[in-house]
Amino acid sequence: MEYRCVECGGRMTTLFVQYSPGNIRLMKCGNCKAVADEYIECEPIIILIDLILHKTKAYTHLLYNVIDPQAPSFQGLLWKSTFGFLLLDAYRSLFLERSKEEWGLSMSFASLLWRFQKMLMDVVFGNIMFLSTFLLCMRVLFSTFPRPLRYKDLLLAIFISSYFKMFLIAMMVWECPSVIFIIDLFVLSSNTVALKVITQAAMSRCIAACFSAHVVKFLVTQRCWSWEL
C-alpha cells in the first residue's frame, strides 16, 4: 500500500513504527519534514469534523492512508458505497415528491406505482448521467494529467465524499425541503475537495468537473419528475 503525507502529498512507505502494543512513533515526511499523518492518533470524531470542514489533510488521510485499493475488500467497499449512494438518492427523491403533495391511503394503486416508477427513473437516469458527465469531464479536463487515474479510485472518492447525504436521514423527524438543497451544495463541495486530493490537480478543474456532473443530474431529475401519469 502506498501512503501519502497529509501535509505535502509526498509518497510514504510507512506512516509509523510500532515498538509495542499502544506504543508507536509517527514517521516524518522526507519531503516537508512534517509528521506524515497526524490523524493516526486522532479519534474518528476529530477526523469526521475535519472532513466536514473540508480539510484536504483529512481527505488525504481517508483516501490514501485508510483505504487500500489493493486490498481484497476494496471491491466490496466500492459496491457498498454505490448501494448507499443510490439508496440515499432514492430517499431524497421520495422526500421531495412527498413534500410537493400529500401521500395517503386514498391514493390509487396506479398512482402510487407511477410515483415509485418516477423515483426509480430519477435515481437510475440521474446517476447514469451524473457519472457519464463526470467521467467525460475527467477525460477532457484531465487528458494531459501525468499520473494515471483509475476509474474505480475516482468513483470511490466521489461516493465516499458524498457522506453529507447521510444527513438526509434527519429529514425523517425534521421536514424541511430547503435543507436538502443545502446538503446538495455540501455534497458538491465535498466531491470537489476529494477530486482535488485524488488527482492533485488545479481546483478550477475539479470544480468544473463536479459542477458539470451535478448540474446535468439536477436537470435530468427535474425532467423525470415533470412527467405526469
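This is a predicted model: local features need pLDDT of at least 70, side-chain atom pairs count only at pLDDT 80 or more; totals for chains, interfaces and linings use all residues.

**Entry 1: elements and overall cover**

Of the 229 residues, 40% are buried. I then looked at H5, which is mostly covered, with seven of its ten residues buried; these are Leu154, Leu155, Leu156, Ala157, Ile158, Phe159 and Ile160.

**Entry 2: backbone angles**

Most residues other than glycine have a negative phi, so I looked for exceptions to that rule. Lys33 is one, with a positive phi of about 70 degrees although it is not a glycine. Lys33 sits in the loop between strand E4 (23-26) and H1, and because its relative accessible area is 58%, I count it as exposed. His54 also has a positive phi, about 65 degrees, and is likewise not a glycine; I place His54 in the loop between H1 and helix H2 (56-66).

**Entry 3: a nonpolar patch on the surface**

Which residues form the nonpolar patch on the surface? I list Ile45, Ile46, Leu48, Ile49, Ile52, Leu53 and Phe167, which together have about 600 Å² of accessible area. Ile46 belongs to helix H1 (residues 44-52), and its relative accessibility of 39% makes it partly exposed. Leu53 is in the loop between H1 and H2 and, at 55% relative accessibility, counts as exposed, because the cut-off for that class is over 50%. I also checked a distance from Leu53: its C-alpha atom is separated by 9.2 Å from that of Ser190, although the two residues are 137 apart along the chain.

**Entry 4: salt bridges**

Side chains of opposite charge can pair when their charged atoms come close. How many salt bridges does the count come to? I have six in my notes, and I followed some of them individually.

I began with Glu7 and Lys57, whose side chains meet in a salt bridge at 3.5 Å, N to O. This pair links distant parts of the chain, since Glu7 is in the loop between strand E1 (3-4) and strand E2 (11-12) while Lys57 is in helix H2, 50 residues apart. Both partners fall in the middle class of cover: Glu7 is partly exposed at 41% relative accessibility, and Lys57 is partly exposed at 24%.

I went on to Asp89, which forms a salt bridge with Lys165, the closest N and O atoms being 2.7 Å apart. Asp89 lies in helix H3 (residues 74-100) and Lys165 in the loop between helix H5 (151-160) and helix H6 (177-199), so this pair ties together parts that are 76 residues apart in sequence.

Asp184 and Arg92 gave me another pair, their side chains meeting in a salt bridge at 2.7 Å, N to O. Asp184 is in helix H6 and Arg92 in helix H3, so parts that are 92 residues apart in sequence are tied together here. Arg92 has a relative accessibility of 12% and therefore counts as buried.

Rolling a probe the size of a water molecule over the atoms shows where empty space is left. The second largest pocket has a volume of about 350 Å³.

By kind, the lining of the second largest pocket divides into eight nonpolar, four polar and six charged residues.

Note on methods: Residues are numbered from 1 along each chain as its sequence is written. Side-chain values use heavy atoms; hydrogens and water are left out. Patches are made of residues with over 30% relative accessible area and no salt bridge: like charges are joined within 9 Å, nonpolar side chains (Val, Leu, Ile, Met, Phe, Trp, Tyr) within 5 Å. Accessible areas come from the Shrake-Rupley method with a 1.4 Å probe; for residues, only the protein chains shown count as cover. A salt bridge is a side-chain nitrogen of Lys or Arg within 4 Å of a carboxyl oxygen of Asp or Glu. Helices (H or I, at least four residues) and strands (E, at least two) are DSSP runs, numbered from the N terminus. Buried means under 20% relative accessible area, exposed over 50%, partly exposed in between (1.4 Å probe, protein chains only). On a 1 Å grid over the protein atoms alone, a cavity is a set of points where a 1.4 Å probe fits but cannot get out, and a pocket is an open set with protein on both sides within 12 Å along at least five of seven lines; lining residues have an atom within 4 Å of a point. Grid points are joined across faces, edges and corners, and a volume is the space filled by probe spheres set on the points. Ala, Val, Leu, Ile, Met, Phe, Trp, Tyr, Cys and Pro count as nonpolar, Asp, Glu, Lys and Arg as charged, and the others, Gly among them, as polar.
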